[in-house]
Amino acid sequence: MGPPVHQELLRRVASWIVRWRLSSLQRRPPALPGGAELRLEASDDPVWQGALGLAVWPAAPPLCRHLLRRSGGCMAGERVLELGSGTGVVGLFAAALGAATVLTDCRPAGPRGAAVLERLRSNAEANAALCAVAPELLELEWGHHEQQQAVASRGPFSLLLGSDVTYRPASHAALLAAAARVCECPEAGGSRPPPLLLAHHSWGTALPSMLGLPDGPLEHLRKTAHDGGWSFEEVDRESTVSIIQLERRQ
């Protein structure tokens, strides 16, 4: 028996809204310094396909451009972890700039749960030739102790990344807790914890920001970070996308 009629209708409406909104946003990542571009398989209808991680979301390209400016086009020597990789855009971009990169995501609930990790693996393989060090891929559900330990064992990391992972305020505490746990490896010793760069997209127009109106999810992230012992700084901005750098206070 299929889903109730009202659930199917809501799914169709949500699918249409997301497709319409995504179609109006620039989601193509920038070219690499040598002119090459990432080869990505992604969905323009992630709601209908049953997994939001199958799409390229609008905060990813600004974070890629920020990495270009921040690194001068070379991330060789960096060891980078991406949280909530989805299609892998940002992590693969960092890998193509020379970083040793670990991509992570979870298996969302539902019949298409495995599709996110399968798509992530496929995109990593498709871009392997652009990367000096082949990206690693690990399953990571925030709060899952064994998975967090497995990721931590690949450290120590010099930089953590995440794009479009802040839209649900209810997930902010788990995100920051996971970011702290995956940096707890013996090899790190007493070294300074790595910064966490998050690209947050304000789902709306630029008008609220221009009027000085607060972004609810972003303010919630700020408070959660402060309460959890993280510093919080907006280090870059493109229209409705904020690049936030968070660092654990020692």
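Q: Which residue is the bridge partner of V80 in β4?
A: That's L159. Keep in mind that this is a predicted model, where local features need pLDDT of at least 70, side-chain atom pairs count only at pLDDT 80 or more, and totals for chains, interfaces and linings use all residues. Residues are numbered from 1 along each chain as its sequence is written, and side-chain values use heavy atoms, with hydrogens and water left out.

Q: How do you know that β1 and β4 pair?
A: Two strands pair if DSSP finds at least two bridges between them. β1 and β4 have three bridges, in the parallel sense, so they count as paired.

Q: Why is the crossover from β1 through α4 to β2 called right-handed?
A: Point the strands away from you: the label applies if the path from the first strand over the helix to the second runs clockwise. The chain goes from β1 through helix α4 (residues 89-96) to β2, and this β-α-β crossover gets the right-handed label, which means its path runs clockwise in that view.

Q: Why is β2 called mostly covered?
A: Strand β2 (residues 100-105) has six of its six residues buried. Buried means under 20% relative accessible area, while exposed means over 50% and partly exposed lies in between (1.4 Å probe, protein chains only). So A100, V102 and T104 on one side, and T101, L103 and D105 on the other, each fall under 20%.

Q: How many helices and strands does the protein have?
A: Nine helices and seven strands. Helices are DSSP runs of H or I with at least four residues, and strands are runs of E with at least two, numbered from the N terminus.

Q: Why is a group of 29 residues called a nonpolar core?
A: A nonpolar core is a set of buried Ala, Val, Leu, Ile, Met, Phe, Trp, Tyr and Cys residues joined through side-chain atoms within 4.5 Å. The largest such set has 29 residues, and L67, M75 and L161 have the most contacts inside it, so these three are buried residues of the listed kinds. Six residues come from α4, the largest share of this core.

Q: What does L67 touch, and how do you know that it is a contact?
A: Contact means heavy atoms within 4.5 Å. Not counting residues up to four places away in sequence, L67 touches several residues, including M75, V90, L159 and L161, so each of those has a heavy atom within 4.5 Å of one in L67.
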